[in-house]
Amino acid sequence: MNFCKAEGTGNDFIIINNIEEKIPENELGLLAKHLCNRRFSIGADGLMAVCNPIKEKHDFRMLFFNADGSMGEMCGNGARCICRYGFEKGLSGGRTVINVETTAGTVTGERLETAVYRVKMVNPSLIEENYIELGSPGLPHVVIKYEGISSYIKDKYTYNMNMSTYKSEERIYRLAHSIRWSPSYHKGTNVNFYDIKTVINNEGHEEKCIYLRTFERGVEDFTLACGTGCVATAIYIDMLERRRSTVKKSEKQPKSYKIHQQGGVLTVDIFTDKEKREIFLTGPANIIAEGTISTKYHTNN
């Protein structure tokens, strides 16, 4: 079985072209669970399968599975990576704008540079204060302000030398774990801790920086980055800012949010015109390796 390994700001994925491999879709969760194991297999935060689209005007369909084998509605970092994969494998017919069908709805990706993609995200189907579901069925996110969260965001190479760093921080890990499994959220939730700090940029001007750490459902730990977590956090902050603003909604300008995570910086742009909202997520999409999986399901592990 052929595979591709990709990453977007440290969120890593295994990509399988299931149009060619023809693995039964009800077996993909088990495949994900085995292949995402970082000690006995390739290792990744999730697996994405490229399938034939069901709906018209889509280049292909993406099925996303978390590392524990559970199906996810979609993935922001994964969407950028699979758009690059689709473009470079000719699945978009050479077009730099790619329409991907996901469980949560249509995601449109655009190639800006070789390794930089922008995706138009699905809109939220539910916003209840700090609880946001993206798409339909909705990908659940809780957004919580946590002062000092930037102190937990260390250099990514230091993190790689000590993979137990996050779990050793008992307080924040246990808090995130308890919220993720709270009975208040019937299908569980991703947990986003954010903070905003004012820094001086290279031009000598003050700039607000958003720092974020996301505990991901299905990975059951903090990941280096979460694209949908960035989007949910930006929507929440934008909502708070609009409430405080005295400018009429129709007069408000598009908002751009740079969000710093362990794996790098992602940009979320929110365009609001009356009741219409468009959300874009921009960041890196890197192809790490391509190869052949020697044992199909790794059931011996």
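Reply: In this predicted model, Glu133 and Lys187 form a salt bridge, with their closest N and O atoms 3.8 Å apart. Glu133 belongs to strand β10 (residues 131-134) and Lys187 to the loop between α6 (170-180) and β12 (190-200), so the bridge ties together parts 54 residues apart in sequence. Glu133 counts as buried because its relative accessibility is 10%, under the 20% limit. Lys187, with a relative accessible area of 25%, is partly exposed.

A search of the whole structure finds 18 salt bridges. One of them joins Asp59 to Arg95, and here the closest N and O atoms are 2.3 Å apart. Asp59 is in the loop between β3 (46-51) and β4 (60-66), while Arg95 is in the loop between α3 (76-88) and β6 (97-102), so this pair ties together parts that are 36 residues apart in sequence. At 16% relative accessibility Asp59 counts as buried, whereas Arg95, at 40%, counts as partly exposed.

Glu73 and Arg217 also meet through their side chains in a salt bridge, at 2.8 Å from N to O. This pair links distant parts of the chain, 144 residues apart: Glu73 lies in the loop between β5 (71-72) and α3, and Arg217 in the loop between β13 (206-216) and β14 (221-222). Glu73 and Arg217 are both buried.

Salt bridges also connect Lys5, Asp12, Arg38 and Asp45 in a network.

Key:
Residues are numbered from 1 along each chain as its sequence is written. This is a predicted model: local features need pLDDT of at least 70, side-chain atom pairs count only at pLDDT 80 or more; totals for chains, interfaces and linings use all residues. Side-chain values use heavy atoms; hydrogens and water are left out. A salt bridge is a side-chain nitrogen of Lys or Arg within 4 Å of a carboxyl oxygen of Asp or Glu. Helices (H or I, at least four residues) and strands (E, at least two) are DSSP runs, numbered from the N terminus. Buried means under 20% relative accessible area, exposed over 50%, partly exposed in between (1.4 Å probe, protein chains only).
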